[in-house]
Amino acid sequence: HTRIAVSGNEVIGALRISTDTIRIGETRLKLGGLGWVSVAPGQDRKRIQSGLIENALQYLRKHGYHVSIVFETSRDWSPHGFVEAIMDYSLDIDLLKTPVPADWSRRERAVKPGDIGMLQRMQSLNAPETAASLLRERAHFSNRWDLFKDAVVLADTRGKTEAYLLPRIGTGKLHVEEAEAMTPNAFRDVIAYSMVMARERLMTRVVY
């Protein structure tokens, strides 16, 4: 799902499409996320970027996608039909001002392919509480295992899986790309674990 622009034998631009399924109410929609747009130095950035975006949207229409999103604020996307939305999908925590929740009791381990069913059940359990969410089909976990293999599973004292999170290490920040849990206490432990993980790496912020 990477589209490229070529001039002669030279790659002069690229755009990445990430594919997902989203749930809005009971409706399931195919979603194409556009990002990682880049243009080689010395090229006509606006013209090449515009061509890449239109090419990607044509691909999405041809393959029956219902909606496309961009996690970026830029006027460059407006001519292609994108509109800005309130950026309420992230939460930035300053670890220098925020204490770690006390008495967290979960044990962590690396995720395993055998956990996929439990991860899906967690998502189904919490889906009614959200207006819209990404859905992770079993095939999604399998096809993107190179990404999800970095997830961390939290278990209670009996070894029962209670939560998971997908952390990414950034510059001075720990990014939690997604997380799910079975209970409010388990969600608290996701927060505590990510804060401890960040501090052990001398990071000052956690972004959910």
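The legends below describe close-up views of a predicted model. Local features need pLDDT of at least 70 and side-chain atom pairs count only at pLDDT 80 or more, while totals for chains, interfaces and linings use all residues. Residues are numbered from 1 along each chain as its sequence is written, and side-chain values use heavy atoms, with hydrogens and water left out.

**View 1. The open sheet has 6 strands in the order β5-β11-β10-β9-β8-β6.** Strands are DSSP runs of E with at least two residues, and helices are runs of H or I with at least four, numbered from the N terminus. Two strands pair if DSSP finds at least two bridges between them; the pairing here is mixed. Strands β5 (92-94) and β6 (107-110) stand at the edges with a single partner each, so one side of each has no neighbour in the sheet. The twist averages 30 degrees from one strand to the next, with axes fitted to C-alpha atoms and angles from 0 to 180 degrees between N-to-C directions.

**View 2. Strands β5 and β11 (residues 205-207) run antiparallel.** They are joined by 3 bridges. R205 in β11 is the bridge partner of D94.

**View 3. Helix α2 (residues 116-126) lies across β9 (161-169) and β10 (173-181).** Its direction is at about 100 degrees to β9; for helices, the axis is fitted over the stretch in contact (heavy atoms within 4.5 Å). Of the 11 residues of α2, 8 are buried, so the helix is largely enclosed by the rest of the structure. Buried means under 20% relative accessible area (1.4 Å probe, protein chains only). Among the buried residues are I116, M118 and L119. Their cover includes α3 (138-143), α4 (145-148) and α5.

Terms used
Buried means under 20% relative accessible area, exposed over 50%, partly exposed in between (1.4 Å probe, protein chains only).
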